[in-house]
There are 2 protein chains.
Amino acid sequence: MENFENLRQLLDEKKYTSLMHELDKLYPADAAEFLSRLPLSQQPAVFRMLKKDTAAEIFAELDNDDKERIIAALTDSELNQITEELFTDDVVDMLEELPANVVKRVLQNVSPETRATINRFLAYPEGSAGSIMTSEYATLKGEMTVNEAIAHIRKTGYDKETIYTLYVIDNGRKLIGMLELSDLLFGDPEEKIKNLMDPDPASVLTTDDRETAAMLIAKYDLLALPVVDSEGRLVGIVTVDDALDVLENEATEDIAKMAAVTPADKPYLKTGAISIFKKRIPWLLLLMVSAIFTGRIIMHYENALGLYAILTAFIPMLMDTGGNAGSQASVTIIRSISLGEVEFKNLFPVVWKEIRVSLLCGLVLSAAAFTKALLVDRVPVNIALIVSLTILLVVITSKLVGAVLPLLAKLVRLDPAVMASPLITTIVDALALLIYFGIASAMLGI
Amino acid sequence: MENFENLRQLLDEKKYTSLMHELDKLYPADAAEFLSRLPLSQQPAVFRMLKKDTAAEIFAELDNDDKERIIAALTDSELNQITEELFTDDVVDMLEELPANVVKRVLQNVSPETRATINRFLAYPEGSAGSIMTSEYATLKGEMTVNEAIAHIRKTGYDKETIYTLYVIDNGRKLIGMLELSDLLFGDPEEKIKNLMDPDPASVLTTDDRETAAMLIAKYDLLALPVVDSEGRLVGIVTVDDALDVLENEATEDIAKMAAVTPADKPYLKTGAISIFKKRIPWLLLLMVSAIFTGRIIMHYENALGLYAILTAFIPMLMDTGGNAGSQASVTIIRSISLGEVEFKNLFPVVWKEIRVSLLCGLVLSAAAFTKALLVDRVPVNIALIVSLTILLVVITSKLVGAVLPLLAKLVRLDPAVMASPLITTIVDALALLIYFGIASAMLGI
C-alpha cells in the first residue's frame with residue numbers, strides 16, 4: 001500500500017488515462033498519499049485530471065497544506081465543482097483550517113444554497129456535534145410503503161453520505177423515527193414505514209459535545225447518529241467513521257495533556273520544531289517555577305541536612321515513588337472519566353478504593369524500602385525507619401491527591417487530563433519532602 | 001437513558017408482557033444496563049422471558065459476571081438457543097472470559113457445526129484479527145446479476161452481522177472482490193457482480209494484529225474488513241463497531257502503561273482493590289528499586305554536599321524538569337508510533353527534531369532558572385551558573401532519551417508504551433544528578 005512505483009511510472013511515461021484509471025481504483029486515502037508525495041509542481045496537474053467525484057473523495061483526504069496548494073491552482077469553476085461534490089462536513093472541516101482569503105474564494109464560487117448551508121454549519125461552535133455533522137442524509141416519510149421507500153432511495157440516495165441508516169421526518173422536518181436499509185430489504189413491500197421504524201432513536205443536539213455523539217455511536221454500535229436542533233428538527237448526521245476520528249483524536253489529546261504538552265493538530269513528523277517547542281515550553285516553565293516550593297522546603301531544613309547528610313540520598317527515591325504512585329491513580333481516573341465510567345458523584349467510592357489500594361501498596365513498598373535501607377544502603381535503623389514510614393504516608397497521600405484532583409477538575413469543568421503526572425508530581429514532591437522532614441525532625445529531634 | 005423507573009414499575013406490578021415490549025424497544029446496551037442493575041435473584045427470570053433474538057442481543061452486551069450468572073440459571077436447551085443466536089465473535093468473546101466448566105457446558109449444548117466454528121475461532125491467537133472476527137458475513141458470486149444478488153441477500157442475509165458490505169468469492173471460497181449494498185441498489189439490474197465489484201479490496205490475515213485490522217477500517221472509512229487465511233480464502237469479517245472497541249481499548253492500554261500500570265480488563269469502579277493493587281505494585285517496586293542509582297550518586301557526592309548544602313535545594317527542580325522534558329518527548333513519540341505515524345526508520349528525523357526542540361526549550365528554561373536562582377533564591381553567581389548549565393544539558397539529554405527509547409523498544413518488538421514517563425523519569429533522574437554533580441565538581445573544584 002505504501003509503494004506507488006507503478007503509478008509513478010505511468011506518470012513519467014505520460015500515460016495519463018491509465019494513471020487516472022489506477023487512481024480511481026485506489027482507496028481515496030491511498031490516492032491522497034500518492035498525490036501528497038508527488039513533487040509539489042506536479043500535484044495540481046495530476047489532481048485536475050481526476051474525475052470530478054474521485055477528485056472530491058481524494059481531496060477530502062489531503063493535508064491542509066496540499067489542499068491549499070491545489071485550491072490555488074484551480075480555476076474558479078473547477079473549485080466550484082469540487083466544493084459542490086464534497087460532503088458538507090468535509091467542506092466545513094476544510095474551511096475551518098484554511099486562511100481567510102482561501103475561504104472567501106471558496107464561498108464565492110459555490111451556489112447560493114450551498115453557501116447558505118456551509119455558513120450555517122460553520123456557525124456551530126468548535127467541538128460541537130454540529131461542527132462535525134454532514135447534511136447529506138437520506139430521509140423517508142412515515143406514510144411511504146417499503147417499496148415506495150426503496151424507489152425513493154434509488155432516486156435520491158446517490159449523493160448521500162450513507163443510505164444504510166434512514167431517518168423518518170414529518171412535514172416540519174421533525175425527526176420521528178429511524179430505520180435501517182436492511183429493514184426495508186427484509187420487510188413486507190406493502191408495509192408502511194411508520195410501522196417498521198424505531199420511533200425513539202438516539203440523537204444529539206447540534207450544541208452537544210462531539211464526544212457525546214461519538215460515544216453514543218460506540219455504545220449503541222450505530223453507523224450514523226442524527227443531529228437535531230432545539231425544536232427536534234433533523235439538521236444533520238454524524239457517521240461512524242467521524243466518530244472513530246473523534247475518539248482517536250480525543251485519546252491523542254488526553255495523552256498529550258497527560259504529558260504536559262499542548263495537543264498538536266498535525267502528525268509529529270509534519271510539525272515544525274518551533275511549533276513543537278511552543279507546545280511544550282509553557283508547561284515546562286510553569287512546572288519548573290512551581291518547583292520553587294521543593295527548593296524552599298529543602299533550604300528550610302538545610303541545617304538538619306548538614307547534620308544528617310545521609311537523608312539527602314533518599315530524596316530522589318521518595319519523590320519518584322510518590323510521583324509514580326500519584327500518576328498511577330490520576331491517569332487511571334482521567335481515562336475512566338474520558339470513557340464516561342467515573343464522574344464526580346463517584347468521589348466517595350473512588351477515595352475508599354484508593355485508600356485500600358494505597359495502604360496495600362504503601363505497606364509493601366515501605367517494607368521493601370526498610371529492608372533495602374538496612375541491608376543495601378547500611379544506614380542506621382532510625383534512618384531506615386524514617387524512610388519507610390515516609391514511603392507509607394507518601395504513597396497514601398499521592399494516590400489520594402492523584403485520584404481526587406481529576407474529579408475536582410471535572411466538577412469545576414476544567415479538563416481532567418491536565419491533572420496528570422507532571423502536575424501531580426510537582427504537588428506530590430512538595431508533600432513528600434514535608435512528610436519526610438516532618439518525620440525526621442520528630443524522630444531525630446532536629 | 002439512565003432512568004429505568006417505568007421498567008422497574010412494570011416489573012413490580014408483574015406486567016411482564018408490557019415489560020418485554022419495552023425492553024424490545026430499547027437499545028440492547030440500555031436493556032443490558034437495566035438487567036445488570038436488577039437484584040441478582042431477579043436477573044435470570046427477567047432474561048428468560050425475553051424473545052430469543054432480543055435475548056441474544058442483550059446478552060452480548062452484559063458483563064462477564066452477569067453472563068455467568070445467567071448461564072448458570074438457563075436450562076441446556078435455553079443455553080443452546082442463545083448460543084446459536086449469538087454472532088460468532090460474541091460467543092468467542094464470552095468463552096474467552098468464562099471459567100472452563102461454563103465453557104464446557106456451552107460447547108456441549110450447541111450443534112456440531114457451531115461447535116466446530118467456535119473451536120476454530122477460539123484457536124486464533126489472542127490479539128489477532130482472527131480472534132475478533134465474526135463468521136456471519138454475506139457473500140455473492142461473480143456471475144450473479146444485480147437482481148439475483150439482491151434476491152440472494154433477501155433470502156440469506158437475515159442473520160448476517162452486516163449486509164452493507166458484500167464479499168464476492170469463487171468456488172474455492174477465495175475472496176475475489178467486494179462491493180457495497182448501495183452499489184446493488186444504484187446498479188443496473190442485469191449487470192454482473194464481477195463487473196461492479198472492487199477486485200482488490202483491503203483485507204487482513206487471521207494472524208495479523210487486531211490493531212492492524214482496526215487501523216485499516218479507520219484509514220479507509222470501512223464498515224467491515226474481510227479476514228482471509230494464508231490461502232486467501234474468506235474466513236470472517238471485522239466490523240467497524242469492533243474496530244472502534246479495539247482502538248478505544250488500545251488507547252486505554254497505552255495510557256495505563258504510560259502511567260506504569262498493568263492495563264485492567266474491567267472498568268475502574270468494577271475492579272476490586274486487591275486486583276488494582278496487583279496491577280500497580282510491580283511497577284512501583286521496580287521503579288523504587290531502580291532509584292537505587294540516584295541514592296548511590298548522591299552518597300558519592302556527600303562530602304561535596306556537606307560543603308555546599310545549597311546544591312541540595314536544586315535537586316528536586318532539576319530532576320522534575322528533566323522528567324517532564326523527557327515525558328513530553330516519549331509520550332509524543334509513543335502515541336505517534338501507536339497511530340502508525342512514526343517508526344524506527346524515522347529515527348534520524350526524530351532525533352534531529354528533538355535536538356532543535358530541546359535546544360530551544362533548554363535555553364529558555366536555563367535563562368529562567370538562572371534569573372530565579374539569582375533573584376529569588378539569592379545564591380552566588382557560580383551556583384546559579386551551575387544550575388542553569390545543568391538545566392540546559394538535562395533538557396537536551398532527557399528529550400533525546402525520551403524520544404529514542406520508544407523507537408528502540410519498537411525495533412526490538414517491545415511495547416513502546418512501557419518507555420513512558422515513569423521509566424524515563426528514573427533514567428533521567430540519574431543522568432540529571434550525574435550532570436549536576438559533574439558540572440559542580442568541575443566549577444567548584446570539589
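Predicted model: local features only at pLDDT ≥ 70, side-chain atom pairs only at ≥ 80, totals over all residues.
Figure 1. Buried positions of H21(A) include Val350(A), Val357(A), Cys361(A), Leu365(A), Ala369(A) and Ala373(A). Charged side chains also belong to the buried set of this helix, among them Lys353(A), Glu354(A) and Lys372(A). The cover over the buried residues of H21(A) includes elements of both chains: helix H20 (315–338) and helix H22 (381–411) of chain A, together with helix H17 (273–290) of chain B.

**Figure 2. The contact between chain A and chain B.** In chain B, 91 residues are in contact with 90 residues of chain A. Helix H20 (residues 315–338) of chain B supplies 15 residues, the largest share of the side of chain B that touches chain A. By residue class, this side of chain B comprises 58 nonpolar, 17 polar and 16 charged residues.

Figure 3. The domain assignment divides chain A into domain 1 (5–123), domain 2 (137–239) and domain 3 (291–444). The centres of domain 1 and domain 2 of chain A, taken over C-alpha atoms, are separated by 29 Å. Three strands of chain A form an open sheet with mixed pairing, in the order S1-S2-S3. Strand S1 (137–140) and strand S3 (175–180) of chain A each have a single partner strand and stand at the edges, so one side of each is left without a neighbour in the sheet. On average, and with direction ignored, neighbouring strands of this sheet are turned by 35° against each other. Strand S2 (residues 162–169) of chain A pairs with S3(A) in the antiparallel sense through five bridges, and Val168(A) is placed opposite Gly177(A) in S3(A).

**Figure 4. The S5–S6 hairpin of chain A.** Strand S5 (residues 224–228) of chain A runs antiparallel to S6(A), to which five bridges join it. Val228(A) faces Leu234(A) of S6(A) across the pairing. The two strands, S5(A) and S6(A), form a hairpin with five residues between them, and Gly232(A) in the turn adopts a positive phi of about 85°. Strand S6 (residues 234–239) of chain A is mostly covered, with six of its six residues buried.

Figure 5. In chain B, three strands make up an open sheet of mixed pairing, ordered S4-S5-S6. Strand S4 (204–205) and strand S6 (234–239) of chain B are the edge strands, each with a single partner strand, so one side of each has no neighbour in the sheet. Strand S5 (residues 224–228) of chain B is joined to S6(B) by five bridges in an antiparallel arrangement; Val228(B) stands opposite Leu234(B). Helix H16 (residues 240–258) of chain B lies across S5 and S6 of chain B and runs at about 65° to S6(B).

**Figure 6. The surroundings of Ala129 in chain B.** Ala129(B) is located in helix H11 (residues 129–132) of chain B. This residue counts as buried because 31 C-beta neighbours lie inside 10 Å, where 20 or more are required. Apart from residues up to four places away in sequence, Ala129(B) touches several residues, including Val204(B), Leu205(B), Thr206(B), Asp208(B), Arg210(B), Val227(B) and Val238(B). Between Ala129(B) and Val228(B), 99 residues apart in sequence, the C-alpha to C-alpha distance is 9.7 Å.

Methods. Residues numbered from 1 in each chain as written. Chains lettered and ligands numbered in written order. Pairing = 2+ DSSP bridges. Helix = DSSP H or I, 4+ residues; strand = E, 2+ residues; numbered from the N terminus. Contact = placed C-beta atoms within 7 Å. Axes fitted to C-alpha atoms, helices over the stretch in contact; angles between N-to-C directions. Domains from an automatic or database assignment. Buried ≥ 20, exposed ≤ 12 C-beta atoms within 10 Å, placed from the backbone.
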